[in-house]
Amino acid sequence: MLSVRFCVRCGKELSDEEIVGNYCVDCYVKHLTPFKDKPRLEVMVCPKCGAWFYKGEWNHPLEENEVLRRIAIWGSKRFLREEVEVLDVSVVKSLHKISASEHGVTLNYQLLIKGIHPVNFELEVPVRITYKPCPSCLARAGGSHKALVQVRVEGEVDIEELAEEVEELIVKAGLSSSVTEVEVVKEGVDVKFEDPVAARKLSSILSRKYGASTAESFRSTRFDAREGKWRGVVTLSVRIPPVYKGMVVEYQGEVGVVEEVSKGLVKIRILETGEHVQTKVSGYWSGIIKPLPKAYLGGKYVVTSVDKNYVYLLNEDTGELREVSIKPGYSHLKTGDKVLLLSMEDREYLIKESE
C-alpha cells in the first residue's frame with residue numbers, strides 16, 4: 001500500500017514517488033528550484049580560429065550558441081541538486097549584456113527530477129568569455145607579433161573589466177584574425193597583432209569611443225637585407241582619460257558632476273546652475289575637464305530641510321549642523337537625501353551621493 005503525503009507549499013496530496021523534498025513537482029520547481037547555486041558559464045576562445053578551451057582541452061570551432069550549450073550541459077552537475085539530472089539544454093536568447101560589465105545567455109534546461117519527472121526550467125545565466133590564441137594558432141604565428149597596442153587608463157580602474165571591453169571591440173570590429181595575444185598586465189591591457197594596420201584600427205576605435213590619446217613608435221628587431229629595410233614592432237600607446245559617471249570635475253571654471261560618458265562624449269551637470277553641458281571626453285587632455293581631488297570633500301551630510309534661502313544639513317557621525325546657501329542647481333534636493341559637501345576656495349557645493 002502506498003503511503004500518502006502532502007506538499008508543504010500547496011497542500012496537494014501525493015504518493016511517495018510524486019513528492020520531491022516535501023514538495024509537489026510544480027512547487028519544487030517554482031519555490032525551491034532545481035538549482036542549489038545559480039549556474040555560471042566560463043569559456044576561453046581563440047580569437048583567431050574560434051577554437052574553445054574547456055577543462056584543460058582545446059576543442060574544434062563551433063557556432064557560439066552550440067559552445068555555450070555544451071558547456072552548460074557539461075558543467076551543470078555542480079549547480080544542480082542531488083535529485084536532478086540534465087537531459088539537454090537549448091539557447092533561448094543568445095549572448096547579450098545583462099549589466100555594465102557582464103554578459104549573459106538565456107537557457108532552457110530540460111531536466112529529470114528523481115529519475116521520473118521531466119521539467120523545463122528557463123533562466124538567464126552569466127557568461128564570462130576570455131580570449132587567448134590556441135596552441136595551433138600560436139605555432140602558425142611563431143608566437144611573434146608585428147604590432148602592439150598598449151591600453152592604459154590613468155587612476156584606479158578594473159583591469160579585468162577593461163580587458164573584456166577591449167576583447168569585445170576586437171570581435172565586433174572583425175580584427176580577431178590578426179590578434180596573436182590579449183594579455184592583462186598590471187598597468188592595463190596589451191594586444192599583440194600580426195598586422196600593424198589592424199592594430200592602428202583598434203587604436204582608432206578606442207580613441208573615438210573613449211576619447212583616448214594615442215602615440216605610435218617603432219622598435220627595430222632586425223635588418224631585412226633582401227628588402228633593404230629594418231623589421232620590427234610598431235607600438236601604439238593608447239591612454240584612456242579617467243572620466244567616469246559620478247566624478248566631480250571643473251569644466252571651464254565651473255564645478256560639475258559627470259552624469260554620463262558615452263561614445264567619446266561626456267555629459268556634465270553644473271552644480272551652481274543645474275545646467276547640463278556636453279563636450280568631448282578628450283577635453284581631459286587639453287584641460288577643459290579637470291578632475292577635482294578628494295581633498296576638497298568636506299564630509300557627508302543628510303538634508304534635514306530645504307527652503308528658498310538655504311539647504312539645512314546634519315552630519316550624522318558628529319552631530320554638526322550646517323546651512324548652505326541655495327543654488328539653482330539644488331532644485332532636485334529634498335529632505336532625507338544624503339549629500340557630500342564640496343569646498344573649493346570660498347565656495348561650497350552639494351553633491352547627491354547617488355550621483
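Helices (H or I, at least four residues) and strands (E, at least two) are DSSP runs, numbered from the N terminus. The structure described here is a predicted model, in which local features need pLDDT of at least 70 and side-chain atom pairs count only at pLDDT 80 or more, while totals for chains, interfaces and linings use all residues. Residues are numbered from 1 along each chain as its sequence is written, and side-chain values use heavy atoms, with hydrogens and water left out.

Two or more lining residues come from each of β3 (41-45), α2 (64-74), β6 (84-99), β8 (117-131) and α4 (159-172), with α4 giving the most, five residues. By class, 14 of the lining residues are nonpolar, three are polar and seven are charged, where Ala, Val, Leu, Ile, Met, Phe, Trp, Tyr, Cys and Pro count as nonpolar, Asp, Glu, Lys and Arg as charged, and the others, Gly among them, as polar.

Two loops deserve a look for their backbone angles. In the loop between α1 (25-32) and β3, threonine 33 has a positive phi of about 75° although it is not a glycine. Lysine 55, in the loop between β4 (52-54) and β5 (57-59), likewise is a residue other than glycine with a positive phi, near 50°.
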